[in-house]
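Visitor: I would like to go through this model with you. Please give me the cut-offs as we go.

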Amino acid sequence: MDNKPAKYECGACGYVYDPEVGDEKNKVAPGTPFEEITGIYMCPICGLGKAVFKKVEE
Ligand SMILES: [Zn+2]
């Protein structure tokens, strides 16, 4: 079984959060699962929050 963290896609603009890469704009370190991002996270493209992100089933 491969249990690496899931990617999450922004429902508004289609940006995909990749946990292996993290998110430099939000100061999220590479290797951080989306579920473990603390505090406010905003989509680096459209600026909406975590609530619009949906898990990408692979
Ligand atoms: Zn977005």
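Guide: A residue is buried if 20 or more other C-beta atoms lie within 10 Å of its own, exposed if 12 or fewer, and partly exposed in between; C-beta atoms are placed from the backbone. This is a predicted model: local features need pLDDT of at least 70, side-chain atom pairs count only at pLDDT 80 or more, and totals for chains, interfaces and linings use all residues. Numbering starts from 1 along each chain as its sequence is written.

Visitor: Why is cysteine 10 called buried?

Guide: Cysteine 10 has 21 other C-beta atoms within 10 Å, so it is buried. Buried residues make up 17% of the 58 residues in the chain.

Visitor: What does cysteine 10 touch?

Guide: Contact needs C-beta atoms, placed from the backbone, within 7 Å. Leaving out residues up to four places away in sequence, cysteine 10 touches Tyr15, Cys43, Ile45, Cys46, Leu48, Val52 and Phe53. Cysteine 10 and phenylalanine 53 are 43 residues apart in sequence, yet 4.4 Å apart in space, C-alpha to C-alpha.

Visitor: Which strand holds cysteine 10?

Guide: Strand S1. Strands (E, at least two residues) and helices (H or I, at least four) are DSSP runs, numbered from the N terminus. The chain has zero helices and three strands.

Visitor: What makes S1 and S3 a pair?

Guide: Pairing takes at least two DSSP bridges between two strands. Three bridges join S1 (residues 8–10) to S3, and the two run antiparallel. Glutamate 9 has lysine 54 in S3 as its bridge partner.

Visitor: What is the strand order in the sheet?

Guide: The order is S2-S1-S3, in an open sheet with antiparallel pairing. S2 (16–17) and S3 (53–55) are edge strands, because each pairs on one side only.

Note on methods: Contact = placed C-beta atoms within 7 Å.
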